[in-house]
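Please look over the sequence and the model below.

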Amino acid sequence: MAKLATINREQKRRDLVAKYAKKRAALEAIIADSKAGEEAHADARAKLQALPRNSNPTRLRNRCELTGRPRGVFSKFGLARHKVRELAFRGEIPGLTKASW
């Protein structure tokens, strides 16, 4: 089980990413636009750098919904490999069965 502070920090990052998503997309569009002038590029780049670091989606980490484990997370289920196996054996994940051949 991950520390509660770590899980809360990740949730805070998710909230910041959602909050600044439109602003970040608009600034990145200006930077990518080849028709915009050099001054507009520089201004947009400065504004983008002024945004909080944690508003960047690359700082997000996939974590298990139940335990908060950061590694071995199946994105389809949002669970760590341990929990997927555990819940699958109990039959709590619909359509998932143990392979046997």
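## Ala 32

Ala 32 belongs to helix H1. In this predicted model, the relative accessible area of Ala 32 is 64%, so the residue is exposed. The cut-off that matters here is 50%, since a residue over that value counts as exposed.

## Arg 13

Helix H1 also contains Arg 13. Is Arg 13 buried or exposed? Its relative accessibility is 17%, and therefore Arg 13 counts as buried. The limit for that class is under 20%.

Which residues does Arg 13 contact, once neighbours within four places in sequence are set aside? They are Asn 54, Arg 59 and Leu 60. With Asn 54 there is a polar contact from side chain to side chain, at 3.1 Å.

## Helices H1 and H2

Two packed helices are described by the angle between their axes and by the distance between those axes. Helix H1 covers residues 4–32, and helix H2 covers residues 38–50. Their packing angle is about 150°, and the axes are 8 Å apart. Angles over 145 degrees count as roughly antiparallel, and H1 and H2 are therefore roughly antiparallel to each other. Their crossing is left-handed.

Which residues bring the two helices together? On the H1 side they are Arg 24, Leu 27, Glu 28, Ile 30 and Ile 31. On the H2 side they are Ala 40, His 41, Ala 44, Arg 45, Lys 47 and Leu 48. Sorted by class, this contact has 6 nonpolar residues, 1 polar residue and 4 charged residues.

## Arg 81

Arg 81 lies in helix H3, which spans residues 81–90. The relative accessibility of Arg 81 is 43%, so Arg 81 counts as partly exposed. That class lies between the limits of 20% and 50%.

Residues up to four places away in sequence are again not counted; Arg 81 then touches Arg 69, Gly 72 and Phe 74. Leu 96 is 15 residues from Arg 81 along the chain, and the C-alpha atoms of Arg 81 and Leu 96 are separated by 13 Å.

Conventions: Residues numbered from 1 in each chain as written. Predicted model: local features only at pLDDT ≥ 70, side-chain atom pairs only at ≥ 80, totals over all residues. Heavy atoms only, no water. Axes fitted to C-alpha atoms, helices over the stretch in contact; angles between N-to-C directions. Helix = DSSP H or I, 4+ residues; strand = E, 2+ residues; numbered from the N terminus. Parallel < 35°, antiparallel > 145°, perpendicular 65-115°, else oblique. Left-handed = near helix turned anticlockwise from the far one by under 90°. Contact = heavy atoms within 4.5 Å. Nonpolar A, V, L, I, M, F, W, Y, C, P; charged D, E, K, R; others polar. Buried < 20%, exposed > 50% of the residue type's maximum accessible area, 1.4 Å probe, protein only. Polar contact = N/O pair within 3.5 Å; in protein donor to acceptor, adjacent residues only side chain to side chain.
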